[in-house]
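Subject: Structure for your review

Dear colleague,

Please find below the structure that I am handing over to you.

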Amino acid sequence: MLFHWFRSVHKDITNDIVLVTGGGSGLGKQISLIIATHNPKHIVLLGRNEAALTSTRDEIVESGCTSCSYVTCDLADSNAITEKLDTIRMTIGDVTILINNAAVAYHTSFFDSSCDELTRSFQINTLAFYKILRSLIPSMVKLERGHIVNVNSVLGVLPLNGAPFYCSTKAANLGLVESIKDELRSDGCDYIHFTNILPYQIDNTMFSGVKTRFPSIFPPLKEVAVAKEIVEAILTNRENLVLPRYMAFLFFCKSVLPVGVMYALNAFIGVDQCMMGFHVK
Ligand SMILES: NC(=O)c1ccc[n+]([C@@H]2O[C@H](COP(=O)([O-])OP(=O)(O)OC[C@H]3O[C@@H](n4cnc5c(N)ncnc54)[C@H](OP(=O)(O)O)[C@@H]3O)[C@@H](O)[C@H]2O)c1
């Protein structure tokens, strides 16, 4: 009870500048709208789709909770990332909360896959994340204040066939974050917080068509509910958030059960075939 009370005490983010990649649409939009209600100093939305970014920016500004702006940036363009982050630093200030949410997922089998898809997946999902971290963490260290939010996926821990590049970028990001976190802690920079978010399928368009054998037992998560939990995790400096929470039990099973038992379990639930209906929007 006391533990629960301590966990639910929210940190003050009124002096924080929040950068949300992919903040114009999907889960990133919902996270941005919800975190805005906690009155951060400013929110910057980053994405490619200017109409979506403008509309989300306008919703946040109209809410009267905080100021908000956006930058258009293709995360596949490494030079553009540096340029845009420099512009944010000069015109708005140092970002102290990064919500790394933007990502792409391609449906492919290994035998149909190409190096181009692999390259693009890693450019957008992993290299861009690294580049943003490389740019933002030094100023967080100077300010002795920062929070890195890694919007990941259960597929980063439990990869499935049908999305080899998505799964590998998400696994790479978990390794990247854990290693940087460890380095910063060893250097005494434990004022920089890290939160890994590992959701199961969400009811939006990213994984449309994906179905398990028992959709009523394992229904997709509601986008707004996931966004609320993410913001709560940020405000309470939670290190890992697995959604739904029982998925953490599957992580445990994977680490202790014989491989054959996990294959049989996956086949029974239908997750071994669930990506077959996956079509990229
Ligand atoms: N949907 C799910 O079932 C699910 C499950 C687990 C985890 N997740 C994770 O949740 C996060 C959000 O995904 P979502 O569900 O909201 O999917 P989504 O609707 O497809 O959103 C993806 C976001 O990434 C941005 N983006 C994609 N490519 C980009 C690029 N080259 N440059 C800049 N921005 C780019 C898009 O913005 P623009 O269109 O403006 O470029 C969009 O806002 C992702 O990290 C995803 O891996 C999703």
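Asn 39 is partly exposed, having 13 other C-beta atoms within 10 Å. Please bear in mind throughout that this is a predicted model. Asn 39 sits in the loop that links α2 to β2 (42–47), and its phi is positive, about 55°, although the residue is not a glycine. A second residue other than glycine with a positive phi is Glu 144, where the value is near 55°. Glu 144 belongs to the loop between α5 and β5 (146–151). With 9 C-beta neighbours inside 10 Å, Glu 144 counts as exposed, because the limit for that class is 12 or fewer. As background, most residues other than glycine have a negative phi, and most peptide bonds are trans.

The peptide bond from Leu 243 to Pro 244 is cis, and its omega is near -10°. Pro 244 is located in the loop that runs between β7 (240–243) and α8 (247–256). Gly 270, which follows α9, has a positive phi near 90°. Helix α9 itself, residues 259–269, is hardly covered: of its 11 residues, the number that are buried is 0.

Which residues does Leu 19 touch, if its neighbours within four places in sequence are left aside? The contacts of Leu 19 are then with Val 44, Leu 46, Ile 88, Val 95, Leu 98 and Ile 99.

Is Gly 23 buried or exposed? Gly 23 has 32 C-beta neighbours inside 10 Å and therefore counts as buried, the threshold for burial being 20 or more. Apart from neighbours within four places in sequence, Gly 23 is in contact with Gly 28, Lys 29, Ser 32, Leu 45, Leu 46, Gly 47 and Thr 56. Between the C-alpha atoms of Gly 23 and Tyr 166 the separation is 19 Å, and the two residues are 143 residues apart along the chain.

The helix packing may be taken pair by pair.

Helix α2 (residues 26–36) and helix α3 (residues 50–63) pack at an angle of about 15°, and their axes are 10 Å apart. That angle makes α2 roughly parallel to α3, since the class takes in angles under 35 degrees. The crossing in which α2 passes α3 is right-handed. On the α2 side the contact involves Lys 29, Ser 32, Leu 33 and Ala 36, which meet Thr 56, Glu 59, Ile 60 and Ser 63 in α3. By class, this contact of α2 with α3 has 3 nonpolar, 3 polar and 2 charged residues.

For helix α4 (residues 78–91) and α5, the packing angle is about 30° and the axes are 10 Å apart. α4 is thus roughly parallel to α5. α4 passes α5 in a right-handed crossing. From α4, the contact is made by Ser 78, Ile 81, Thr 82 and Leu 85; from α5, it is made by Leu 127, Ala 128, Lys 131, Ile 132 and Ser 135. The residues of this contact of α4 with α5 divide into 5 nonpolar, 3 polar and 1 charged.

α5 also packs with helix α6 (residues 164–186): their axes come within 9 Å and cross at roughly 20°. α5 and α6 are therefore roughly parallel to each other. The crossing of α5 past α6 is right-handed. α5 contributes Glu 117, Leu 118, Ser 121, Phe 122, Asn 125, Thr 126, Phe 129, Tyr 130 and Leu 133 to the contact, while α6 contributes Phe 165, Tyr 166, Thr 169, Ala 172, Asn 173, Leu 176 and Ile 180. In the contact of α5 with α6, the residues divide into 10 nonpolar, 5 polar and 1 charged.

With kind regards

How values were computed:
Residues numbered from 1 in each chain as written. Predicted model: local features only at pLDDT ≥ 70, side-chain atom pairs only at ≥ 80, totals over all residues. Contact = placed C-beta atoms within 7 Å. Axes fitted to C-alpha atoms, helices over the stretch in contact; angles between N-to-C directions. Helix = DSSP H or I, 4+ residues; strand = E, 2+ residues; numbered from the N terminus. Parallel < 35°, antiparallel > 145°, perpendicular 65-115°, else oblique. Left-handed = near helix turned anticlockwise from the far one by under 90°. Nonpolar A, V, L, I, M, F, W, Y, C, P; charged D, E, K, R; others polar.
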